[in-house]
Each structure stands twice: as structure tokens, then as C-alpha cells.
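Trainee: Could you walk me through how to read a structure like this one, feature by feature?

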Amino acid sequence: MEKMAVDYLMQEKIWFEKYKYDDAERRYYEQMNGPVGSSSHQQSANTNSPGPAAGDQNELLSRISHLEVENQNLRSVVSDLQMAIFKLESRLNALEKSSTSHQPSPVPPTQKVEPFSVPSKKVELPSAKKAEPAAAEEDDDDDIDLFGSDDEEEDQEAAKVREERLRQYAEKKAKKPGLIAKSSILLDVKPWDDKTDMAKIDECVRSIHMDGLVWGASKLVPVGYGIKKLQIQCVVEDDKVGTDILEEEITKFEDYVQSVDIAAFNKI
């Protein structure tokens with residue numbers, strides 16, 4: 001019987017050393033993933049910690065607040081860029097208009113010649129009238145005055161009269177007021193912030209007095225973020241008041257005025 005049992009077991013394929021391989025496999029996975037006790041401890045710690053939904057919600061709120069801060073910063077940067085572009089455009093327009101206004105207007109050549117041409121015609125008439133009696137006297141007194149000394153004296157007197165009349169006409173013409181070139185300027189006066197007293201800025205600007213400067217109407221124009229600028233009109237004589245002088249005088253009130261730009265410039 002024992003022999004039959006041994007023969008039967010030899011024919012059956014039984015893995016007698018399977019436990020050794022199981023132990024080796026368990027040790028391998030423990031080296032790769034850690035012992036089984038640590039994984040169970042980690043699972044228990046995860047069950048005690050708050051759920052992933054609460055963590056995701058906190059992270060989402062923090063991201064939204066961060067995006068809002070970045071949005072506000074971008075808005076301020078965009079507004080600064082818009083203000084800078086507006087200043088550059090107004091300054092370029094002012095430079096173009098001032099360059100055209102400072103060019104001397106062409107004077108017709110006949111204006112300078114006219115004072116001397118007109119009296120010469122008027123003076124020729126009395127000289128001609130005096131020349132006729134002088135010629136008559138010369139014909140009558142040919143036998144008395146052979147050298148014509150009287151004619152020479154009258155020619156000298158006529159020349160003196162002509163020169164005196166020319167001098168008087170030139171002086172009279174010089175005393176007459178000429179055409180005064182004037183310009184209408186619209187200024188943009190910008191404050192530092194929305195807390196600046198705009199009425200005080202208007203008062204300071206109007207306190208500037210110059211020969212050839214007349215202030216006009218003014219109004220407040222909103223710029224943005226509660227800030228308003230003062231827009232004021234003035235008329236200046238081009239030979240006496242320039243845009244550079246106006247800007248320099250207004251920016252002296254540095255406690256109230258941030259900058260001055262020329263919004264419009266028109267010749268009158």
C-alpha cells in the first residue's frame with residue numbers, strides 16, 4: 001500500500017516548496033511598496049484628514065483672489081498707458097501747431113516799397129509846378145542871368161522838400177499799428193489725484209497775467225477713476241506770449257498741477 005501511495009504521489013504534480021516562493025514574493029513587494037502595516041496606517045490617516053473636495057475648494061478660492069489682484073494691476077497699467085499715449089498725442093499736436101505758428105508770415109514785397117513809391121508821385125507834382133515858372137523865368141531873364149543860379153537853388157529846395165515829405169510819411173506810416181497775429185489756445189491742466197482742489201487750480205491759472213494774454217471760459221472734464229482735468233481757453237498775441245511760457249508758468253503751481261497739455265491751437 002505504501003508503495004502504491006508513493007507511486008501515486010510521484011505521478012501527481014504537487015508543488016511542495018510553494019511557501020518559499022510566496023515568502024520571496026511577499027518580501028519583494030514589501031521592498032517595492034513598504035510593509036503592509038505602513039500602508040494600513042496611511043489609509044487610516046487619509047480617512048481622518050479632510051476630504052479632497054474641501055482642499056480643492058480652498059485652492060480654487062485662493063486662485064480666484066489671486067486673479068482678481070492681477071486684474072486690478074492690469075487695469076491700472078492699462079490706464080497709465082492710455083494716459084501716457086494721450087499726453088504724447090497732445091504734445092505732438094502742440095509741437096506741430098507751434099512749429100507752423102512760429103514761422104514768419106510772408107510779407108509781400110510791395111508793402112515795403114509802397115511808402116516810398118506813393119509820396120514820390122505826390123512830390124513830383126509840386127516840383128513840376130515849380131519847374132514850369134522856373135523855366136518861364138529862365139526864358140524871361142536869359143539876358144540877365146547867364147549862369148542859371150536861380151534854377152539850381154530851386155532844384156535844391158525841391159529836393160529838400162521831397163526828402164522832408166518822405167521822412168514825414170515814413171514816420172507816420174511807422175506809427176500806425178500793424179496787424180497783430182493772435183492765437184486761440186485750449187489747455188488741459190491735470191491734477192495729481194482726485195482729492196486735488198480743482199477750483200484752486202482754476203484760481204492759480206487765472207492769476208497768471210501777461211501782456212497779450214486773455215483768459216476765457218473753463219470747465220472740468222472727467223478723465224477716469226474719479227479724476228477730472230481743468231480745460232481752460234485763452235487768447236494770446238503770438239509776438240508776446242508763447243506756449244512754452246504758458247506751460248512753464250502753470251507748472252510752477254506744483255502742489256496742484258501735475259502736467260499741462262495743449263488740446264487745441266487755432267490762429268485768429
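Mentor: Two ground rules to begin. This is a predicted model, in which local features need pLDDT of at least 70 and side-chain atom pairs count only at pLDDT 80 or more, while totals for chains, interfaces and linings use all residues. Residues are numbered from 1 along each chain as its sequence is written, and side-chain values use heavy atoms, with hydrogens and water left out.

Trainee: How many helices and strands does the chain have?

Mentor: Helices (H or I, at least four residues) and strands (E, at least two) are DSSP runs, numbered from the N terminus. Here there are eight helices and four strands, in the order α-α-α-α-α-α-β-α-β-β-α-β.

Trainee: Which residues touch the most other members of the largest nonpolar core?

Mentor: Such a core is a set of buried Ala, Val, Leu, Ile, Met, Phe, Trp, Tyr and Cys residues joined through side-chain atoms within 4.5 Å; buried means under 20% relative accessible area, exposed over 50%, and partly exposed in between (1.4 Å probe, protein chains only). This core has 21 residues, and L187, W215, L246 and I250 touch the most other members. β1 (182-191), α7 (198-206), β2 (213-224), β3 (227-237), α8 (243-250) and β4 (257-267) each give it two or more residues. Beyond its neighbours within four places in sequence, W215 has contacts (heavy atoms within 4.5 Å) that include L187, V205, I232, L246 and I250.

Trainee: How do I read an aromatic pair?

Mentor: A pair of aromatic rings is described by the distance of the centres and the angle of the planes. Rings of Phe, Tyr and Trp (its six-membered ring) pair if their centres lie within 6.5 Å; planes under 30 degrees apart count as stacked, over 60 as edge-to-face and the rest as tilted. The structure holds one such pair: Y28 and Y29, edge-to-face at 5.4 Å centre to centre and 70° between the planes. Y28 is partly exposed because its relative accessibility is 47%, and Y29 is partly exposed at 46%.
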